[in-house]
Amino acid sequence: MASSTTLSDLPDVILSTISSLVSDSRARNSLSLVSHKFLALERSTRSHLTLRGNARDLSLVPGCFRSVSHLDLSFLSPWGHTLLASLPLDHQTLLALRLKICFPSVESLNVYSRSPSSLELLLPQWPRIRHIKLLRWHQRASQIPLGGDFVPIFEHCCGFLESLDLSAFYHWTEDLPPVLLRYADVAARLLRLDLLTASFTEGYKSSEIVSITKSCPNLRDFRVACTFDPRYFEFVGDETLSAVATNCPDLTVLHMVDTASLANPRAIPEAGGDSAVTVGTLVEVFSGLPNLEELVLDVGKNVNHSGVALEALNSKCKKLRALKLGQFQGVCSATDWGRLDGVALCGGLMSLSIKNSQDLTDMGLVAIGRGCCKLTKFEIQGCENVTVKGLRTMVTLRRMTLTDVRISCCKNLDTTSSLKAIEPICDRIKKLHIDCVWSGSEEEVEEKLERSETNHEDDDDDDDYERSLKRCKYSSEVEEHCSTSDGNGFFSEERVWEKLEYLSLWISVGEFLTPLPMTGLDDCPNLEEIRIKIEGDCRGKRRPAEPEFGLSCLALYPKLSKMKLDCGDTIGFALTAPPMQMDLSLWERFFLTGIGSLSLSELDYWPPQDRDVNQRSLSLPGAGLLQECLTLRKLFIHGTAHEHFMNFLLRIPNLRDVQLRADYYPAPENDMSTEMRVGSCSRFEDQLNSRNIID
C-alpha cells in the first residue's frame, strides 16, 4: 500500500513560516485545532494579540501565548475606564503580574490610559517595551500634573523605547515638550513619534514642534497636527519647517497636517488666503531630508506655484514613494506636452493624494499619468476643474498598476462620472471610494456633458489637450473604453468589478442609496467590506419620500460580510423635534431599515448625534433593527445605549463580541443614569458569554 504524505510531514521550519503568514484570528484558531503539533506551531508563531472581555476576568487568561510581542489592552471592558480601577489595589497588582507571566515577550503595548495609574501598574512588568500606543477620548483630568501622562513611560521604558503613538490620545500640547527635555536620553533614542491627534483645536505650536524635534534628533517617523494659518499665534511657517529638517535630518516619514483638515477632512476652503509656507523654504526642506519615503503636507491655506518645489522633491528625495498634498496650487501645470513638470516628475511614487488643488486640470492629470508610472494608489479631492475625460485618460495610462482609487468633492465627478472614469480598471481595482452624488434627469446629464465640452472649447489649451490624447500611446485603449452610459447617466453595458474587495461611499443625509447598483456597480462578486459615511444636518429636513435609506440593495453582493456604517456626522434632535421634522430615532430607523437582509458577520455602527447635548446613543428603533442581523458575530457601537436596548441584541444567535465605544471627542465624562454603566456592561457581557454558540 502506497504511503501518503500530508502537510504535517513538512519540516517544522516551513510549517512555522506558513503559520506565521496566517493573519486572520479565526483561521489561526481553526489551525490550532488540527492537531497538537499545529497547536504548538500556532501558539509559537502568534505575535499579535488583542484582548477582549472584562478586565476583572484577566486571571482567566491562558498562559499559552508566550510568543506574543504586540499586546493590545485598549478594548478591554468596561471600555474607556481606567484599567482595573474598580478592583482592590492588591488585586490590581496580582492581575498585572498575571499579564506578565502570560505574555513575557511583550515589546509593543496599546492601552486606554484614562489616568497615569494604568501605566504605573503595567509598564514595570515589561521593561523592554519598544512601542507604546496610548488611547484616550475623554477629556484630560485637570488634577493630572503637567506631563504626568507621559512620565511613567519615560521612567519605566528608559532603555528600549523607540516609538510613541499619541494619535488617539487627547492631551495638552504643553504636556510633552517638558518631559522630553527632562528625559533627554530616552527622547534621543525615539525613532517614531505620532502626534497626529484629531481632537486638537489648534494643534502643536511652532515653538513646541521645534522643541520636540530638538529633543528627538534621531526620529525616522514624525507626524504632528498643527496650525498653518498665519492668523493664529505661533503658527507653523517657514522657520518651523526648516527647523524640523535641520533637527531631524534622518526622517523617512513626515506628516504635518492642519487641525482644520483633521476636524473636517471634506471641507473645501474659501477662495483666497495664503499660507506662510514659501516655495523656497520647501526646496530647502526637501534638500535637507534626502531619505524621505512618505510625505504628507496638508496646510489648510494655499501654497502657490508649488511645481518648482515638487520638482526639487523629485531630485532631492529619490526614495519618495508616498505623497499627499493639501492646498498646493500649481502641482502640475502641463503647459508643454513635450515636458513634464511638477509632481509628474516624481516617477517613483506609488501613492499620490491631491487635495483642494483648484488649478489642477485634465491636462495636469494626463501628465501625472504619464510621469508617475508606478502609481498603485491615487486620491483626488476638491479639484473643481477635473472632469471625467481627464481622469479617465489618466486611469487608462496607469491601468496596469492602479488598484486603489479615491474620488471625492469634485463637482464635475458625480457617481456615474466617477465610475465611468475608472471603468478602464474595473477588472483590476481592489479598493474604491466615491461620493454618492446621483445624476439628475436626462436633460441635466446632457447639460453637464455639454458644459464640460464647452469648457474645453473655451480653454486656450484645447488644441494641446486634444493633441495630447492623440499622442498618448494608450489612445487606442481610450477609444476602446468609450462611453457606455445611457441617456440618464446610468450604465447600459454590464461591467464586472472582478477584484473589488473594499468599497467606501459618502452620501449626504436625506439622499438614498438605492441608485447605487444602477450606476454600474451591480456586479462585484468579491466585494467583502463596505464603508458608508452619512453626513449632514437633519435639522430642517422633512421626512424622506421613501421609508428606507436603501441598505437592502447591498444584498446583491454575495460575499459582503463586513460593514462600517458611520452616521456620526449626522446631526439632529436627540429629544423632541420641531413640528414636521423627525428626531434622531426616526432617522435611525430610516438609515437601518433593510440591514437585516444582509449576511453580515461584522458591523461597526456610529449612531447619529445631537451636538447640543453631546449625545450619540442607540435608539429603540435602531436596536430593534440591529437584532434582525442574524448572521452577526461582531458588533461595535461607537456611542452609548440603554441596557434594555442592548438586551435586544441577545436574540442574534451567533453574536460573540459586542462593545460600546465612545471613541469620539469629547467622550461622555460621567455615566448617564439611564445609559450603559459599568454594572450594566458587566451584566450584558455575562448574558452574552453564557449562551451556547453553534460554531
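Two residues are in contact here when they have heavy atoms within 4.5 Å of each other. Keep that in mind for the tour.

**Before you start.** You are looking at a predicted model, in which local features need pLDDT of at least 70 and side-chain atom pairs count only at pLDDT 80 or more, while totals for chains, interfaces and linings use all residues. Residues are numbered from 1 along each chain as its sequence is written, and side-chain values use heavy atoms, with hydrogens and water left out.

**The whole chain.** Of the 695 residues, 54% are buried, where buried means under 20% relative accessible area with a 1.4 Å probe, protein chains only.

**Stop one: the largest core.** Select F103, F222, I532 and L554. They have the most contacts inside the largest nonpolar core, which has 180 residues. Such a core is a set of buried Ala, Val, Leu, Ile, Met, Phe, Trp, Tyr and Cys residues joined through side-chain atoms within 4.5 Å. Next, colour strand β9 (residues 294-303), which supplies the largest share of this core, five residues. For a second, separate core of eight residues, pick W79, Y112, L135 and A168, which are among its members.

**Stop two: F222 and helix α9.** Centre on F222. Leaving aside neighbours within four places in sequence, its contacts include L193, I209, I212, T213 and V244. Now select helix α9 (residues 206-215): seven of its 10 residues are buried, so the rest of the structure largely encloses this helix. Those buried residues are S206, E208, I209, S211, I212, T213 and S215. Show what they pack against: α7 (176-182), α8 (184-189), β6 (192-195), β7 (221-226), α10 (238-247) and β8 (253-258).

**Stop three: L618.** Move on to strand β20 (residues 615-618), where you will find L618. Is L618 buried or exposed? L618 counts as buried because its relative accessibility is 1%. Apart from neighbours within four places in sequence, L618 is in contact with E588, Y605, P607, A623, L626, I637, T640, A641 and F645. To finish, draw a distance line from the C-alpha atom of L618 to that of C553: the two are 65 residues apart along the chain and separated by 23 Å.

Definitions and conventions:
Buried < 20%, exposed > 50% of the residue type's maximum accessible area, 1.4 Å probe, protein only. Helix = DSSP H or I, 4+ residues; strand = E, 2+ residues; numbered from the N terminus.
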